[in-house]
Amino acid sequence: MKVMCTTEQSRKASIDNKIIGMHNLTIGKYYEVISLYNDDDGESFYKIIDDNGGSGGWYLNRFITMDELRNKKLEELLHG
C-alpha cells in the first residue's frame with residue numbers, strides 16, 4: 001500500500017541517548033508501507049522507509065492513503 005505524507009517531519013534516531021542519524025519525511029511524497037502495527041498503548045503506525053533510507057514507525061495521521069486521496073480529489077472535482 002502507498003501513502004502520501006501530509007505533514008513534514010524530521011526526528012533524531014538514537015540508541016542509548018546517542019544521536020545516530022535523522023529520519024525525514026517530505027510533504028506530498030509517496031511512501032510504500034512495509035507494515036502496519038500498534039504499540040502497547042493502542043497507537044497505530046505505518047512502518048515505512050524514510051527519505052534517508054531508514055525504516056521506522058510513523059503515526060497514521062501524518063499520511064493519507066491513495067484511496068482517501070483519490071476520493072478527496074473526486075469530491076473536489078464533483079462539488080467544486
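## Close-up views of a predicted model

The chain averages a pLDDT of 83, and 80% of the residues score at least 70; pLDDT is the predictor's confidence in each residue, from 0 to 100. This is a predicted model, in which local features need pLDDT of at least 70 and side-chain atom pairs count only at pLDDT 80 or more, while totals for chains, interfaces and linings use all residues. Residues are numbered from 1 along each chain as its sequence is written, and side-chain values use heavy atoms, with hydrogens and water left out.

**View 1. Five strands form an open sheet.** The strand order is β6-β5-β4-β1-β7, with antiparallel pairing. The edge strands are β6 (55-59) and β7, and each pairs on one side only. Neighbouring strands of this sheet are turned by 45° against each other on average, direction ignored. Strands are DSSP runs of E with at least two residues, and helices are runs of H or I with at least four, numbered from the N terminus. Two strands pair if DSSP finds at least two bridges between them.

**View 2. Strand β1 meets strand β4.** Three bridges join β1 (residues 2-5) to β4 (residues 30-38), and the two run antiparallel. Val3 stands opposite Tyr31 in β4.

**View 3. Helix α1 lies across β1, β4 and β7.** Contact means heavy atoms within 4.5 Å. The helix runs at about 80° to β7. Angles run from 0 to 180 degrees between N-to-C directions, with axes fitted to C-alpha atoms, for helices over the stretch in contact. Helix α1 (residues 66-79) has 14 residues. Gly80 follows α1, and its phi is positive, near 70°.

**View 4. Tyr31 and Phe63 form an aromatic pair.** Rings of Phe, Tyr and Trp (its six-membered ring) pair if their centres lie within 6.5 Å; planes under 30 degrees apart count as stacked, over 60 as edge-to-face and the rest as tilted. This pair is edge-to-face, at 6.3 Å centre to centre and 80° between the planes. Tyr31 sits in strand β4 and Phe63 in strand β7, 32 residues apart. Tyr31 is buried at 3% relative accessible area, and Phe63 is buried at 8%. Buried means under 20%, exposed over 50%, and partly exposed in between (1.4 Å probe, protein chains only). Tyr31, Tyr46 and Phe63 form one aromatic cluster.

**View 5. Tyr37 and Phe45 form a stacked pair.** Their centres lie 5.5 Å apart, with 20° between the planes. Tyr37 is partly exposed, at 36% relative accessibility. Phe45 is buried, at 10%.

Notes: Expected span 1.5 Å × (residues − 1).
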